[in-house]
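Here are my notes on this model, as numbered points. Please read them with the structure open.

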Amino acid sequence: MTPITRCVALLLVCWLGTAAAQTTAASNDDTLYRAFGGQSGLVQLMDDFMVRLLADRRMNPFFKDVNQQHVKDQLVAQICELTGGPCKLQGPSMKQVHNQIDITRADFNALVEVLQQSMDARGIAFTDQNRLLAKLAPMHRDIVNTP
Amino acid sequence: MFRSSILLGLSLATWAAHAGTVQVTVVDRDGRPAPDVVVLIEAPGARAPAAAAPVVPITQEGLRFVPTLTVVSLGSTLRFTNKDAYDHHVRAMPSGPLGGIAPAKTFELRLDAADEAAQQVDEYKPPVPVKRKANPVRSADVKVDQPGPIGLGCHIHSSMRGQVYVSPTPWFGKTDAQGIATIDNVPDGPVQVNLWHGEQLQDQAMQMVQSGAAPAKVSAQLNFTPRRRRS
Amino acid sequence: MLLNRLLGLTLASAASALTVVPAFAQESASNLRWGNGKLLLTGGVSSIDGAAGGGLTPWAVTAGYATVGQIGATAHATHVRTRDYRLNVFGVAVSANDRVELSLARQDFDTRDTGTALGLPGLKLKQDIAGVKLRLLGDAVLDSDSWVPQLALGVEAKTLDAQGLAPVLEALGAKRRGTDVYLSATKLLLAPGVLVNATLRSTKANQNGLLGFGGTARSRASLQPELSVAWLLRRDLAIGAEYRSKPDNLNPSPLGNGLKEDDWADVFVAWAPSKHLSLTLAYVDLGRIVPAVATRRQSGTYLSAQIAY
């Protein structure tokens, strides 16, 4: 446990921020964005997500001291962009944001599980969930830094 | 004539003798070199030189405070400059692993994004032109007149962490990557070497050393092992 | 000749991989903790040889739910019931750092009427399998922007206790011991939720080893391809199919083609109600097994339960 307050919330910001490695993702096609309920759907999803992160025993230490509103705003913009929505987010790189905190593969997977719970609660279809996860997953290379 | 030249020689010798150097080598509890350890030297009874009031730069770049640790003298001015392409809200935070040491000075600065980021923002995306304010405030000064630690944080980016230490004595330094700090101009005589690290739970043991013509070498070991930082 | 060289090369690399294993284990040995960080179902199930994978085929994934920096263990029990035979398998596996997997399995094959027909009523063939698997590279789950699969090299050291059948096997030139070496490539295509695995196995085993290793027709190892495909219907539910080609080392033999061997296949459903338990139900076709006596194709059901910690 590091003494410094963790900010794995930015894990999500970056998680979504630099997924453009595979620009094969249909950038003009916003079907996935609409499947997630557009802007208001994403806002509600991220509100629910933050609540679950704080309630999750594994994720709570990463999120209890962060600027939660900032993180949620960034997440909404990032997922919006990734799923073909009209947002453009520019911010620090994933590596920069997570560099100061120790994040293991198990931490990354745990966050994926909490996101899956949120998406289940919002009634998002399994196939749509997997399509989003497919865009988010490669970010593990920049986020997981321990060991 | 002879006597005055002796007196002159003696006073010259005394002048020269004031340029004592203390070299402190610090390792952590596992025996590895400990960088970023604050070294403070107390010389009781010695006359402090005229206080300098330098302006010490601390930049925000790549979502970090550069340098991460800054040790300054009382009365210095910290100049915070934002070189990143996004805003930072720099603020003073408590120090210590449990956040139990109140900052020696409180402040909150809103620093706007730089025109050109110090580093490339995002290697995956092409740069997007960002709207700039008419009169951006990229830099702000904070004068520190109380000794003690000041933690640095950013209200927006919670992972940004830095440390300032305002030294109560004019003789101070911080250890480099090899765990070595060299402090010059230390007055002659017995001096006290104190160490401080932002993650320590207990005070480090103090050491006395004799400062004089020959450089005084001090070896110290921290009572804990700090978290290793990634570059 | 070429196959011999290939086998030699494979064994050599397996041997060197095994010497590297302790190094891998040591690099983070001090930091390993019991854990179950893998996502649901991404540790596969227990194959009948004890290695993690599908029901019939080992995959490149490591056993259980331990991920990088963790250590975990699984135990499984499998029951296969075909037209004329029964097979029970019990085994355990341990995985460390998502890098190394060790497995032990005991197969108990009840020959039933076939044993009786061969003059060995109540014949039960028992086989012990010790397995080592080393993940070489890749990540089956999270590298969704790349075609690179997770790749693993595995070794299965098999020892058969043929009981009353031993002299027959000896007469047929089938050995009691054999070692399978395999290379598996596994990839979960995240967006469509489909897992694909291709395994190439170098083996001499007859009926997976239950009738010894090598024989009258061939005593050298041969390369056998194996393929699995699975669809994730839900986070906790997958359906799929497997195909495993087999050598036919005892055909022809003094029994003519009476010991002919077929490829194996199955279609399965795997359900993991939690990270601690998974259940697999499959319809298997194990082809002909000693068709000299049991002429029908051995199709039937396969049921397996795995617990993980």
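1. Twelve residues of domain 1 of chain B are in contact with eleven residues of domain 2 of chain B. Contact means that the C-beta atoms of two residues, placed from the backbone, lie within 7 Å. On the domain 1 side, strand E2 (38-42) and strand E12 (171-174) of chain B each supply at least two residues. E12(B) gives the most to that side, with three residues. The domain 1 side divides into six nonpolar, three polar and three charged residues. Here Ala, Val, Leu, Ile, Met, Phe, Trp, Tyr, Cys and Pro count as nonpolar, Asp, Glu, Lys and Arg as charged, and the others, Gly among them, as polar.

2. This is a predicted model: local features need pLDDT of at least 70, side-chain atom pairs count only at pLDDT 80 or more, and totals for chains, interfaces and linings use all residues. Residues are numbered from 1 along each chain as its sequence is written, while chains are lettered from A and ligands numbered from 1 in the order in which they are written.

3. Where do the domains of chain B run? Domain 1 covers 20-48 + 169-225, and domain 2 covers 52-168. These bounds come from an automatic or database domain assignment. The two domain centres, taken over C-alpha atoms, are 26 Å apart.

4. Chain B has one helix and 16 strands. Helices (H or I, at least four residues) and strands (E, at least two) are DSSP runs, numbered from the N terminus. Of its 231 residues, 35% count as buried, that is, with 20 or more other C-beta atoms within 10 Å of their own C-beta, placed from the backbone. Among contacts in chain B with a separation of 6 or more, 70% join residues 24 or more positions apart.

5. The largest nonpolar core has 141 residues. Such a core is a set of buried Ala, Val, Leu, Ile, Met, Phe, Trp, Tyr and Cys residues joined through C-beta atoms within 7 Å. B:Val39, B:Ile41 and B:Ile183 have the most contacts inside this core. Both domains of chain B give residues to the core, so the core lies between them. Leaving out residues up to four places away in sequence, B:Ile183 touches B:Val39, B:Ile41 and B:Trp171, among others.

6. Now the contact between chains A and C. Chain A brings 20 residues and chain C brings 19 residues. On the chain A side, helix H7 (105-121) and helix H8 (126-136) each give two or more residues. H7(A) gives the largest share, seven residues. The chain A side divides into ten nonpolar, seven polar and three charged residues.

Notes: A residue is buried if 20 or more other C-beta atoms lie within 10 Å of its own, exposed if 12 or fewer, and partly exposed in between; C-beta atoms are placed from the backbone.
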